[in-house]
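Here's a quick briefing to read with the structure open beside you.

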Amino acid sequence: MTIWNLLIREILHRKMNFALAVLSVMVASGSLIGSVTLLRIHDIHTGRLLEQKQADLEQRMARLQDDTRKAMLKLGFNIVILPKDQNLGDWYSDDYASKYMPEEYVHKLADSGIVTVRHFLPSLQQKIEWPEYKRKIILVGARGEVPNLHKNPVKPMVQPVPPGTISLGYELHRSLEMKVGDTVELMGRKFTVHACHEERGNKDDITAWIYLTEAQELLDKKGKINAILALECLCTTDALPKIRQEIAGILADTQVIERGSRAIARAEARTQVEEQARVAIEKEIIAREDLRTVRERLASILTPVVVTACAVWIAILGFTNVRARREEIGILRAIGVRSRDVMVMFVSRHVLLGVLGGALGFVAGVLAAVYFGAAHEGTQIRMIDMDLSWPGLILASVGGAAALAVIAGWIPTMIAARQDPADVLRNDN
Amino acid sequence: MLEFNNVSKWFNGAQGKVTALKGISFSVRPGELLAVRGPSGCGKTTLLLTAGGLLRPSDGQMCIDGRDPYALSPEMRSRLRARTIGFVFQQFHLIPYLTVRQNIMTASLAVPLKEASERTQKLISRFGLDDRADHVPARLSTGERQRTALARALLNEPKVIMADEPTGNLDEDNAQTVFRYLSQYVSDGGCVLLVTHDDRAAAHATRSLQMNRGQLVQ
């Protein structure tokens with residue numbers, strides 16, 4: 001016979017008392033673990049919500065950016081770099097520059113690492129008379145985009161005109177009854193019609209585009225261009241001073257004109273949408289943080305109340321157990337069992353019910369939190385998602401519960417250990 | 001073996017001082033069964049508990065096996081009780097959720113014995129409890145319960161048995177059985193302090209003392 005045997009047999013004899021005490025510890029432990037788990041679920045759900053919103057935002061912005069790029073394509077470039085000595089009055093009235101600059105300027109720009117502009121398009125434009133057809137046209141020499149070597153490659157916005165070909169504006173091909181594939185002669189050189197553009201309602205309708213080198217040869221302007229068309233990265237009007245400064249640092253004898261206000265408006269609208277979405281995300285973050293604070297406060301009030309109530313109940317059950325075993329303790333002490341052994345017996349009882357209650361409470365707390373917490377948040381959470389230190393949490397739950405049971409049962413234990421056997425046995429008769 | 005020297009015991013209660021023992025002096029030697037008789041409330045149980053090291057005298061001195069238990073620490077006193085004294089009570093005081101065998105073996109909680117199981121079985125056989133060894137007290141007759149209590153008292157082979165009204169709840173046959181076992185124990189060299197108001201005890205006692213109102217009377 002050992003103290004342990006006695007302990008187990010007593011528990012089996014007084015199952016209800018023991019079970020109620022275990023239940024009490026389970027509730028205390030479960031409420032604590034449940035609070036921790038619920039807050040973790042809150043954090044996970046918050047993370048998912050914000051991730052989703054961020055992903056939605058990025059998707060939306062990507063779509064908007066693509067729309068803006070397409071709009072920009074239709075609207076044309078919004079930065080024009082002209083020779084510094086170009087009279088802008090003449091440029092606005094003629095719609096092309098009369099001063100020239102080296103073609104290498106566009107490469108210099110592309111190689112510079114400039115961040116405010118991209119999609120560089122060198123061009124040579126001049127109003128001429130098409131001698132073969134006695135028509136006034138605008139001749140544009142273009143060679144396609146020069147890639148910005150320092151940025152990620154993007155889709156070119158303008159399809160180049162291949163050498164030996166010509167693209168015609170609406171009025172030209174309509175009035176001259178030309179179609180793709182026809183051969184035309186321009187200033188004594190033959191070209192194959194590459195594209196016939198649709199009506200645009202502007203000077204493009206009387207414009208002919210050929211390859212830049214061929215235009216330079218026809219206009220006797222070898223190695224020269226009179227404009228670089230470029231697209232802003234940061235599509236706001238606030239960027240223009242920065243762009244001017246950056247380009248001035250690279251091409252000192254040029255000047256920068258911004259055009260395409262509709263493109264800017266679209267770009268600004270896009271930025272506004274982005275800003276609104278970010279504000280919405282920040283508001284969501286604040287709302288979730290506030291909610292977490294409320295939940296934390298609730299847990300910090302409720303959990304101690306529950307734990308205290310459970311401790312009181314454990315103590316009451318302890319007193320009841322000691323009272324029921326008064327005679328048993330008396331005879332054990334009379335036959336020589338030490339006060340210390342009686343204390344060990346009762347402490348062991350409380351440790352056991354604490355460990356059992358703590359283990360059960362841990363399971364119940366986690367399951368309840370996962371089920372109810374996830375349901376409340378409208379999401380599915382797996383245990384593995386919670387990224388908690390489960391072994392540590394289990395140990396803390398079981399250890400803490402055992403400590404709670406021992407502390408709550410301390411006074412009844414002391415009463416049992418200090419019980420005077422003579423008091424019991426003297427009242428025997 | 002057991003010696004009382006002018007022992008007095010009083011209690012201070014709400015109604016004032018209550019004297020339970022007044023100048024008690026006697027001794028019990030090995031091979032003696034001393035019956036202390038007297039009416040209820042005369043102090044017999046107080047005397048027994050004092051003799052058993054469970055109630056410190058207010059005055060006087062007592063010795064068990066040459067040692068004053070009240071001069072020892074509580075732990076040493078418990079050990080002395082475990083090795084030297086066996087108790088038998090009127091209400092048996094068996095642990096309700098233990099079987100006969102386990103109840104007897106509770107005496108080994110205080111004095112761990114390698115041969116506890118063996119001794120328990122011998123006692124079970126000696127007291128005719130073989131058929132009841134695995135029964136809990138609720139399923140035993142009063143005689144069987146008292147025999148179980150007696151077996152428990154004897155597990156550690158004590159030098160003195162202290163019995164407080166051991167036959168109080170027993171019929172004639174069972175009472176005689178208990179007295180027979182106690183007499184046998186005395187014959188084997190032990191000594192018994194028996195407090196009782198049962199007149200049948202006198203027939204089995206080596207000596208009898210009469211007690212009244214906390215004092216021994218002739």
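Predicted model: local features only at pLDDT ≥ 70, side-chain atom pairs only at ≥ 80, totals over all residues.

**Helix 6 of chain B**

- This helix takes in residues 142-154 and is mostly covered, with 11 of its 13 residues buried.
- The buried set is B:E144, B:R145, B:Q146, B:R147, B:T148, B:A149, B:L150, B:A151, B:R152, B:A153 and B:L154.

**Strand 7 of chain B**

- Strand 7 (residues 191-196) has 6 of its 6 residues buried, so the rest of the structure largely encloses it.
- Both of its faces are covered: B:C191, B:L193 and B:V195 are buried on one side, and B:V192, B:L194 and B:T196 are buried on the other.
- Strand 3 (residues 33-37) of chain B pairs with strand 7 in the parallel sense, over 5 bridges.
- Within that pairing, B:V36 has B:V195 as its bridge partner.
- Strand 6 (residues 160-164) of chain B also runs parallel to strand 7, with 5 bridges between them.
- Here B:M162 sits opposite B:L193.
- To get from strand 6 to strand 7, the chain goes through helix 7 (residues 172-187) of chain B, making a right-handed β-α-β crossover.

**A:K222 in chain A**

- Look for A:K222 in the loop that links helix 6 (212-218) and strand 9 (224-225) of chain A.
- Is A:K222 buried or exposed? It has 9 C-beta neighbours inside 10 Å, so it counts as exposed, the cut-off being 12 or fewer.
- Leaving aside residues up to four places away in sequence, A:K222 touches A:Q216 and A:E217.
- A:P102 lies 120 residues away from A:K222 along the chain, yet their C-alpha atoms are separated by 9.1 Å.

**Chain A overall**

- Chain A has 13 helices and 11 strands.
- Of its 429 residues, 35% count as buried.
- Among chain A contacts with a separation of 6 or more, 83% join residues 24 or more positions apart.

Terms used:
Residues numbered from 1 in each chain as written. Chains lettered and ligands numbered in written order. Buried ≥ 20, exposed ≤ 12 C-beta atoms within 10 Å, placed from the backbone. Helix = DSSP H or I, 4+ residues; strand = E, 2+ residues; numbered from the N terminus. Pairing = 2+ DSSP bridges. Right-handed = clockwise from strand over helix to strand, strands pointing away. Contact = placed C-beta atoms within 7 Å. Expected span 1.5 Å × (residues − 1).
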